[in-house]
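Okay, thanks for coming, everyone. Let me put the structure up and then walk you through a few parts of it.

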Amino acid sequence: MAFALLTFFALLSLAGTASAQEPTTSPTPPTPTASATPTAPVPDNAVPVSGNLNNGGTRLEGVTVRALDSSGTEVATGESASNGRWELAVAPGTYTFEIVADTLPDGVSVQAAVEREVVAGRANTVIFSFGEVRTASNVSFGEKLIRTTVDGLRFGLVIAIAGVGLSLIYGTTGLTNFAHGEMVTLGAVAAWVINTSFGVPLIPATILAIFVGIGIGLLTNGIVWKPLRKRKTGLIAQLVVSIGLAISLRYLILIFFSDRAEPFDDYQGQVEKNWGPIALTDANAIVMIVSLVVLVGVALLLQKTRIGKAMRAVSDNRDLAASSGINVERVIMFVWGLGGGLAALGGVLFGISELGGRVQWEMGFKLLLLMFAGITLGGLGTAYGALLGCVIVGLLVQLSTLIINPDLKYIGGLLVLIVILVVRPQGILGSRQRIG
C-alpha cells in the first residue's frame, strides 16, 4: 500500500514538471502599419510647453497639438482637456507647433502654425488664432476711420481707468507718483497668477486682483508716503522717492515674473465681430462696458457719497478741509486704496485689449506717459479732467496710426504733453493758480 502511494505521488510530480516545461502559446504581436507614427522618448532635459485652445470663448476639447523640429519631424504630441488646456514636453530649442486639423470641431479652423523657441526655466506658452485671416485691403478709408475712432475710445477709457487714481492721488497729496505705472503692472501680474496658477477664471481673478491692488496702495501709503508726510518732506523729494520706488518695483517684477509676455488663460485669439462699419472682439466690447460702468461709479462716488465730497474738499483746499473737521489722513488713505484698485483693474484691461490677452513686466511703464499726458490735458488733480483728457489722448494715439507707423503711436502722448504744458499748463478743466 505504501509503495502504491509513493508511486502515485511520483507520477503526479512528473506530470506537473512536464506541464510546467510545456511552452505556452502567446498571441503574435501586430505588425505596425506604414502610417503609424513612432512615439519619441521624452528627453531627460524636457521642458513643458502648454497653451489653451479658446475659439471666441469656446474651449476646444480633444484637439491634438504636435511639435515639429527644424527637419519637420514630429517630436511630441498633446491633446487638449475639457478646459481647452494642452501640454507636451520637448527639449530646449526652436519648434513649430501646429494643430491637427482633423481633430478640430466642425466649422472651426486655425489660422497658422506657430514657431516658438522653447527655453528652460521659463513658462513656454503657445497661442493659436482661430478663424479666417482678416485683411484690410477691401476696407474703405471712412470705415477704417470709424474703426480706429472706436478703438481710440476703447484705449482712452482704459487709460482713464488707470489714470483717474493717479489724478486723485495728486489732487489730495500733491504727489506726482511715478510708481503708479508699477501698480498697474502688479495688478495685471496678480490677475495672471490667480488665473494661470490657481485655475480661477479671469473675471473673478480680476476681482481678486483689484483687492490686491487696494492692499498695495494702502501698504505703500502706510510704509512710504505717510511717514514722509509726517516728516514734512518736500514734494520734490517725494517725487525722487517715487522714481526710485518705480525702478525698484519694475525690476523686482522682472526678476520674479518673466521678461516675456505671458498670456492669460482666457480671452486669447478673439475673433472680431462686425456691427456695420464697427468691428470689435467680444473682449474689447467687455473692456469698454466695464470701463464705462466703473468710471460712472467713480463719478457717483465723488458726487453722491460723503467720502467723495471729503475727497473733493481735500483736493480743493487741504487746510480748510482739516479745519472743517475732515480727517485728512483717512481721506488720503482711502484715495490710495481706490487708486491702487483702479490701477490693478486698468492693468488687466490694458493686457486684454491692447496686448492681446498678455501681461508684460513693463506694461505699466509704457502706459505711464499716456496717463500723465491725459491727466495733464484734462487738468491735474481733477477726476473729470483726467477722464476727459485720457479719452482724448487715447483717440489721438490711435488715430495717429492712420498717418505714422503703429509702433511709434505712443510718441503722440509725449507730443500732447509738451503742447499742453506750453499752451495751457492748467489743462482743459483746470483753473489758473495765482502766485503772490
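So, start with helix H5, residues 235-256: its buried residues pack against helix H3 (180-197), helix H4 (202-230) and helix H10 (363-378). Before I go on, this is a predicted model, where local features need pLDDT of at least 70, side-chain atom pairs count only at pLDDT 80 or more, and totals for chains, interfaces and linings use all residues. Residues are numbered from 1 along each chain as its sequence is written, and side-chain values use heavy atoms, with hydrogens and water left out.

Some terms, quickly. Helices (H or I, at least four residues) and strands (E, at least two) are DSSP runs, numbered from the N terminus. Buried is under 20% relative accessible area, exposed is over 50%, and partly exposed is in between, with a 1.4 Å probe and protein chains only. Contact means heavy atoms within 4.5 Å.

Back to H5. Which of its residues are buried? They're Gln238, Ser242, Ala246, Leu249, Arg250 and Ile253. They cover an arc of only 115 degrees around the axis, so they sit on the same side of H5; that arc is taken from the directions from the helix axis to the C-beta atoms. The background here: an α-helix has 3.6 residues a turn, so residues three or four places apart point the same way. Over on the other side of H5, Ile236, Val240 and Ile255 are exposed.

Now the strands, which count as paired if DSSP finds at least two bridges between them. There's an open sheet of three, in the order S6-S1-S9, with mixed pairing. S6 and S9 are the edge strands, each pairing on one side only. S1 (residues 47-52) has five of its six residues buried, so the rest of the structure largely encloses it. S1 and S6 (residues 85-90) run antiparallel, joined by six bridges, and serine 50 stands opposite glutamate 87. With S9 (residues 124-125), S1 pairs in the parallel sense over two bridges, and there serine 50 has threonine 125 as its bridge partner.

Last thing, the nonpolar cores: sets of buried Ala, Val, Leu, Ile, Met, Phe, Trp, Tyr and Cys residues joined through side-chain atoms within 4.5 Å. The largest has 70 residues, and Val164 and Phe264 are among those with the most contacts inside it. Helix H9 (residues 328-353) gives the largest share of this core, 13 residues. A second, separate core of 21 residues includes Val47, Ala76, Ile99 and Phe128.
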